[in-house]
Amino acid sequence: MLEQIIKERGIPALPNIDNTDEKREYMKRILAEEEYGLPVPKPEEVTYEVKELENANYMTGNATLEEVTVKGKLLGRDFSFPFKFVHPTDKKNQKVIVQINFRYDCPDKYTPAEEIIDRGYSLAVFYYNDITTDNNDFTNGIAGILFPDGERREGNATGKIMMWAWAASRVADYLETLDFVDMDKLGVAGHSRLGKTALVTAAYDDRFKFAHSNDSGCSGGAIHRNKRGETVEAITRNFPFWFCPNYKKYINNEGAMEFDQHWLVAASAPRFVEIGTAVEDVWADHESEYLTCVMASEEFEKQGVVGFVHPDRYPELHEHMKDGHISYYVRPGRHFFSRYDWNKFMDFIDLKIGDNK
């Protein structure tokens, strides 16, 4: 059934390149040139300022909340941004999830931080607008460094999704300095446009062993061709600043793409990727997200791991297909990053690292 659907939708194969490293670099280059824009360079220098916000009584004494400010130089100009870091007081072999977030005051009522801590995880959260604003203004934050004096963006110029992904990597830089963080258990998570960002982060930074994309849809976890809901035309009309200008070539012309979104997931092979989606989120299209997992699986298998284990049909509600290195589930409800989604991601990580907490 799925093979016929894939054929009818005209989804392209992965690149025909035998060397896995060369194939990954090729996919990353095409995605950067045609969709997200060029990756942001690493900073020339960086320092960290740590301020403890809550300790003795935070989460009944089970956790510490800190604010870490990342400061440095990028292309010779100063940058800085803060992130919140909440970790168990028992600093041993920590599993950490980096969350790219829509809000600054986090953990908050939308993030089940206490449950995350109780399951043995730490949480590093940054507010995406602290990196650069979610609009067509390229004069602030790191956008202002990359495009000084209002420089016009053309061709493969960096979009804001790639900029937010750069910030997630800077958080990982800090986590690498902590001896109680286990970098082999590092995850990244985001919802909607920030779910797209989580997938980009993992594709371009292999320190992230686990990625969770929640309801990311068009230009994220969902195949473009014959997709329901949001399309390249709609997303570039409303949010052109997320992408490079080249992406507009594919407005009502998705069939001309050499690539599709399974290339983005395949670029994280042989690590772990989870795509979570909601049945009422038609704009994201859970069936197209499912096909991304199906099509990306081949690259994981070629690298000697189990890819996506699935039946030859579309998924049913509450199915969590997590036996391979690609995980997928569809839940009831709408476009939202819920407690259900957080627990699915932690279930997936724990299963793969053999942690029964």
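This is a predicted model: local features need pLDDT of at least 70, side-chain atom pairs count only at pLDDT 80 or more; totals for chains, interfaces and linings use all residues.
User: What distance separates the end C-alpha atoms of helix H6?
Analyst: Helix H6 covers residues 193-204, which makes 12 residues. At 1.5 Å a residue, the helix should span 16 Å.

User: How many of the residues of H6 are buried?
Analyst: A residue counts as buried when its relative accessible area is under 20%. In H6 the buried residues include Arg193, Lys196, Thr201 and Tyr204, and Gly195 and Leu199 are also among them. H6 is largely enclosed by the rest of the structure, because the number of buried residues is 12 of the 12.

User: Are H5 and H6 parallel, perpendicular or oblique to each other?
Analyst: Helix H5 is formed by residues 160-175, and its axis lies 8 Å from that of H6. The two pack at an angle of about 60°. Angles of 65 to 115 degrees count as roughly perpendicular and those under 35 as roughly parallel. H5 and H6 are therefore oblique.

User: Which residues of H5 meet H6, and how many residues of each class does the contact have?
Analyst: From H5 come Ile161, Met162, Trp164, Ala165 and Ala168. They meet Arg193, Leu194, Lys196, Thr197, Val200, Thr201 and Tyr204 in H6. By class, this contact of H5 with H6 has 8 nonpolar, 2 polar and 2 charged residues.

User: Is the crossing of H2 and H6 left-handed or right-handed?
Analyst: Helix H2, residues 20-36, packs against H6 at an angle of about 140°, with the axes 11 Å apart. That angle makes H2 oblique to H6. For H5 and H6 the crossing is right-handed. The crossing of H2 and H6 is left-handed.

User: Which residues of H6 take part in the contact with H2, and how many charged residues does the contact have?
Analyst: On the H2 side, the contact is made by Arg24, Lys28, Leu31, Ala32 and Tyr36. On the H6 side, Val200, Ala202, Ala203 and Tyr204 take part.

User: Is Asp215 buried or exposed?
Analyst: Asp215 is found in the loop between strand S7 (210-214) and helix H7 (232-238). Its phi is positive, near 50°. With a relative accessibility of 1%, Asp215 counts as buried.

User: What is the relative accessibility of Ser219?
Analyst: Ser219 also lies in the loop between S7 and H7. Most residues other than glycine have a negative phi. For Ser219, phi is positive and near 70°. Ser219 counts as buried because its relative accessibility is 0%.

User: Which residues does Ser297 touch, not counting those up to four places away in sequence?
Analyst: Ser297 is found in helix H9, residues 286-302. Its relative accessibility is 8%, so Ser297 counts as buried. With residues up to four places away in sequence left out, Ser297 touches Gly307, Phe308 and Ile326.

Key:
Residues are numbered from 1 along each chain as its sequence is written. Side-chain values use heavy atoms; hydrogens and water are left out. Helices (H or I, at least four residues) and strands (E, at least two) are DSSP runs, numbered from the N terminus. The expected span of a helix is 1.5 Å times one less than its number of residues. Buried means under 20% relative accessible area, exposed over 50%, partly exposed in between (1.4 Å probe, protein chains only). Axes are lines fitted to C-alpha atoms, for helices over the stretch in contact, and angles run from 0 to 180 degrees between N-to-C directions. Angles under 35 degrees count as roughly parallel, over 145 as roughly antiparallel, 65 to 115 as roughly perpendicular and the rest as oblique. A crossing is left-handed if the near helix is turned anticlockwise from the far one by less than a right angle, and right-handed if clockwise. Contact means heavy atoms within 4.5 Å. Ala, Val, Leu, Ile, Met, Phe, Trp, Tyr, Cys and Pro count as nonpolar, Asp, Glu, Lys and Arg as charged, and the others, Gly among them, as polar.
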